[in-house]
Amino acid sequence: MHKQDVLFVLTIDTEEEWQWDEEFPQHNCSVENVEKLPAFQTFCESLGIRPTYFVDYAVASNNVGSQTLRTFAKSNSAEIGAHLHPWCNPPYFGKTTEAESHVINLPLEQVEQKLDALNALLHDEIGVRPQSFRSGRWGVSAKMLRLLASRGYVVDSSVYPFYRNDYFSCLGAPESPYWPSFDNALAPGEQRQLLEIPVTAGFNIQNFSLGERIHNRLSKPPFNWFKSVGLLWHSKLLRKIYLSPELTEIEDMLALVDQSIQKRQPVIHMYLHSSSLIDGATGLLDGPNAFETICQRIEVVTQHLAKNANVKFCTISEAKVHLSNRSASSGVIKGEQN
């Protein structure tokens, strides 16, 4: 039986650590987690994974962090992308509120100045001009996409499928790679400068659209009064799943991978935060031995994927090249003309 061809992408938001329910750190950020990166990179290489590190200002301005990532970049064993955290990325425009912590809610002029400062630092300290980007705390607008394209970016990964909160929404966006419209970031468009590659997300049922409708309806009154979403989760009738070893246990990630293969998704895109590599840094991963837990989950998922598909490990910009080449004949990217 012929196995489907799949690209596997692992992206790491490489950033400072702090308890996420506390105030956003601006200066003297703690980045102890970067000391785990060499061991994590060695682990990735043992599996054949070439990760993409989305690096923020706090890490790039740290000597240990920047030198470690410069080594990865020089050896071409990983890709260095950009990750913009507004609260610790100059220039500063006052104290960062919860809404303003999401890049999508900032005035474009502020995003432009912060992005230029981040680009300059990544070039000076790590020696790269990044081609891939992820916004801090997810979310992207059409204006931001145009800005990224004007700065030479070719891949964005700021769309968080099936997710919304009080400050932004990604509901309705494709879960597969697509060429986003420069008028509506959550819809395919005509431009071919910048590709959106969302993280892999979905449900433990094959009909993701049905799962999304049910989940969204039960998340609103009066159904949320009875914790209906939680009841469905615990009964395993409906689970919304993100392919992240810091959020999701092995069983659920395997279910999502299987559904994604059945849906013939061209990319399996896993993500995590570098801060989760140390115990208790963010509150995302409970219990001790966070590093070992994350590595074990990644290994099991990639082994399972290799048994069920023809897997090619690549960085996120390499995935863009592969997808662009394929789409010329197959229309694999949403927005392509068949």
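Which residue of strand 3 is the bridge partner of V55? It is A82. Before going on: this is a predicted model, where local features need pLDDT of at least 70, side-chain atom pairs count only at pLDDT 80 or more, and totals for chains, interfaces and linings use all residues. Residues are numbered from 1 along each chain as its sequence is written, and side-chain values use heavy atoms, with hydrogens and water left out.

Strands here are DSSP runs of E, at least two residues, and helices are runs of H or I, at least four, numbered from the N terminus. Two strands pair if DSSP finds at least two bridges between them.

Strand 2 (residues 52-55) pairs with strand 3 in the parallel sense, over four bridges. On to strand 4 (residues 132-135), which runs parallel to strand 3 and is joined to it by three bridges. There, A82 has F133 as its bridge partner. Between strands 3 and 4 the chain passes through helix 4 (residues 108-126), and this β-α-β crossover is right-handed. Right-handed means that, with the strands pointing away from the viewer, the path from the first strand over the helix to the second runs clockwise.

Now, burial. Six of the six residues of strand 3 (residues 79-84) are buried, so the strand is largely enclosed by the rest of the structure. Buried means under 20% relative accessible area, with a 1.4 Å probe and protein chains only. In a regular strand the side chains alternate between the two faces of the sheet. In strand 3, E79, G81 and H83 are buried on one side, and I80, A82 and L84 on the other.

Conventions:
Buried < 20%, exposed > 50% of the residue type's maximum accessible area, 1.4 Å probe, protein only.
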